[in-house]
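Thanks for coming. I'll go through a few contacts in this structure, starting with the charged pairs. Please have the sequence and the model open.

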Amino acid sequence: MASPSPSEGGFDPTVPAPLEDGQYKNDSLEDQTLLLLAGLMEAGQEDEHTCKQLNALTKILNDEASEETRSKEPHKPLCSLIDTDSVETILAYLDMRQAPEVRGFATLTTSAYLKAAGDKGVEYLSQFFYSRVRKATYDDFILAFSVAASIFPIVPDITAELFLSEGFVPSLGSLMKRKWKSKKVEQAALEMLNAACMNTPCREAVKKYCTEWLEEIVNFVPPTHTDMSSPERNEVIEDGSIQQRTHSEPVRNLAAVVLAKLQVGLKAVPSAPTPGQEERIQPATTSMEELSDMFKNMLSSKDSQQNSIEGLAYASLQPHVKEKLAADTKFLKSLVKALNEAAAKSPTTYGALSILVNLTSYSPHLTEEQKRIGQLKAYANAAKDPTKQNPLSDDEHVGKRCQAVFEAGVIPVLVTHSQHGSTASLGLVVSIIFSLSKTPKIRGQMAQQGAIKLLLHAYSIFPTDNLAAHRTTAHALARILITTNPLHIFGGSNPLSITSAIRPLILLLSDDPTTEQRDLLPVFESLLALTNLASTDDTARNPIIRLAFPQIEELLLSNNKMITRATVELICNLMQSPEGVAKFADGSKQASQRMHILLALTDSEDFETRRAAGGGLASLTEWDTAVNAILERDRGIHLLLGLCKEDSEELRHRGVVCVLNLLTAPGKVGEWGIKKVKEEGGVDALKECLKKSRAQEVLEITVEALKKLLGNEESANDQKQLE
């Protein structure tokens with residue numbers, strides 16, 4: 001069980017404790033430290049006062065540890081003032097019987113001390129732990145176990161060394177199997193085991209020596225009324241009541257969490273038994289399904305909710321548990337409700353988000369080369385082929401789970417948490433949105449519920465060096481913007497600017513430096529999203545042209561036809577802007593080369609590419625500089641007339657618009673256009689277009705073009721014959 005956050009108790013650990021009535025104000029740094037330590041040793045203080053003293057000591061130690069914040073006044077190393085008695089005093093505030101806010105501040109103070117004291121601090125910590133365990137009283141066990149549970153996340157390597165010291169873990173089983181036992185010792189031991197499971201060697205030791213005891217707790221059947229009223233049931237010792245082989249509900253819940261971690265952790269990191277030790281390894285008899293059912297039932301209780309969520313965060317890593325949880329509408333709504341009510345920076349929030357990530361995450365798609373490498377590694381290690389996917393993890397099953405999570409109303413809750421949560425929690429939020437965005441039919445609703453605003457906010461606050469988070473955020477944004485009308489999201493009364501979405505999308509056009517093989521799906525979906533934005537106005541088009549045109553130009557020559565097609569479609573929309581036209585028709589050598597490529601794409605094998613290229617040229621040829629650039633190309637007219645003879649009405653429409661624009665260009669450019677079109681067989685091409693076409697608009701444009709070539713009388717005759 002994670003230590004409580006100090007902020008939950010009403011104190012901000014980043015703010016130094018106020019000095020009351022001038023307290024310590026005129027004292028030296030050494031005196032301040034000694035006075036704080038003396039104050040902490042006093043018994044009977046109010047928790048609020050204790051928290052303020054711990055907070056002040058934490059700040060002093062943190063300042064001492066940094067060259068920038070260390071006091072410039074000459075003074076002894078402050079850690080030298082903290083002797084073994086002082087360390088014991090600080091560690092005593094980690095006792096599980098202390099108030100949660102006191103434990104939270106004591107955890108921060110312990111962390112600051114260990115950081116500042118170095119090896120000496122580790123030595124004092126070890127002495128404290130071993131001496132308490134050797135005393136072997138219930139009070140000492142509770143304190144030792146509480147300290148270990150609290151400091152595991154702070155100094156995992158050091159705590160693991162204490163935990164794995166010879167004989168310690170094996171002794172826990174016999175300690176817990178006594179006829180008479182302390183409920184609080186049992187709970188403290190479980191909190192320690194729960195924290196220890198974060199470390200692989202510790203987790204394996206717990207599996208070897210404690211599984212049988214954990215199973216006994218989880219499968220415990222509460223005693224009957226007669227048993228409970230037995231005169232010898234209760235006795236009193238140092239820490240309060242002890243009971244004869246009974247287990248409280250919180251203890252059972254915590255034991256279930258530890259069992260879940262063991263089952264998931266040891267499957268992920270398999271290990272062979274040590275020779276001669278096989279008899280100590282007890283196979284788990286409680287299945288993960290049984291544990292997950294237990295966690296689900298615990299979710300509705302405030303007292304056990306955190307344990308429930310922590311256990312499900314591990315249990316939901318398994319495909320069959322994911323499927324069962326996602327199929328339970330009541331559970332999903334309860335989970336979303338718990339997330340909504342949880343504090344922004346709390347273990348409950350992080351755990352609930354972890355469950356949702358597990359339910360919605362798609363399996364990575366491996367290339368054939370990656371599959372072969374995985375198979376070879378599995379063969380070399382005599383292990384199961386990791387490339388063989390569980391059927392419940394395929395895209396169809398994950399897609400259904402995503403739909404169920406969305407229908408539970410998760411998006412508005414995620415939007416709320418994204419505003420106040422930690423960066424780590426925000427990463428989980430973005431991962432959930434990314435998975436949900438793969439389902440096209442819910443993208444519009446996601447946008448309406450605030451997903452785009454969430455993603456733009458996340459992109460702006462992720463650290464600049466966190467490229468993976470930025471790319472995931474941008475990819476989710478791209479997916480939603482593919483099928484969402486930008487005018488419904490940006491502009492008007494909405495404060496979001498359309499330009500704020502452009503930079504994230506452009507990021508996806510570049511290679512991901514963290515992967516060996518380029519994934520073209522983000523590139524493709526980014527191009528589609530940019531095309532959608534470019535369909536609005538020059539407010540979107542011009543920033544795209546200025547920021548991304550070199551990348552767009554490179555993608556135009558991609559070997560992948562889908563990328564080429566999407567790029568041409570984007571260019572087609574960019575041609576509605578004068579800046580876009582200038583890229584192809586400003587008279588420069590580069591512009592001439594771009595025009596050559598665009599013309600060549602009208603002859604592509606891919607229909608959609610030909611259509612987009614024709615659309616782009618139809619817009620371009622409205623400008624006389626662009627007409628001149630086409631006439632200068634040897635095959636320019638030939639390719640445009642080829643569009644006029646296509647079997648598709650859409651392509652013929654684009655072709656005749658281009659030809660008419662050539663013929664009607666002003667001045668000498670137009671005269672040159674008429675001359676070249678005639679020389680290239682334009683009359684026959686347009687007549688063929690007339691015969692094939694049925695759309696009134698195409699017929700009218702073709703007749704008008706023929707008039708320019710042949711004069712009014714002959715083109716009118718041609719129209720009559722067709723009628």
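Which side chain meets that of Arg 594 in a salt bridge? Keep in mind that this is a predicted model. The partner is Glu 553, at 2.8 Å from N to O. Arg 594 sits in helix α31 (residues 589-600) and Glu 553 in helix α28 (residues 538-555), so this pair ties together parts 41 residues apart in sequence. Arg 594 is buried, at 12% relative accessible area, because the cut-off for buried is under 20%. Glu 553, at 27%, counts as partly exposed.

Next, Asp 647 and Lys 692. Their closest N and O atoms are 3.2 Å apart, in a salt bridge. Asp 647 is in the loop between α34 (636-644) and α35 (649-663), while Lys 692 is in helix α37 (residues 682-692), so parts 45 residues apart in sequence are tied together. Asp 647 is exposed at 67%, and Lys 692 is partly exposed at 30%.

Now the nonpolar side. The largest nonpolar core has 216 residues, and Leu 214 is one of those with the most contacts inside it. Leaving out residues up to four places away in sequence, Leu 214 touches several others, including Leu 190, Val 206, Ala 255 and Leu 262. As background, nonpolar side chains in soluble globular proteins tend to be buried together.

Terms used:
Residues are numbered from 1 along each chain as its sequence is written. This is a predicted model: local features need pLDDT of at least 70, side-chain atom pairs count only at pLDDT 80 or more; totals for chains, interfaces and linings use all residues. Side-chain values use heavy atoms; hydrogens and water are left out. A nonpolar core is a set of buried Ala, Val, Leu, Ile, Met, Phe, Trp, Tyr and Cys residues joined through side-chain atoms within 4.5 Å. Buried means under 20% relative accessible area, exposed over 50%, partly exposed in between (1.4 Å probe, protein chains only). Contact means heavy atoms within 4.5 Å. A salt bridge is a side-chain nitrogen of Lys or Arg within 4 Å of a carboxyl oxygen of Asp or Glu. Helices (H or I, at least four residues) and strands (E, at least two) are DSSP runs, numbered from the N terminus.
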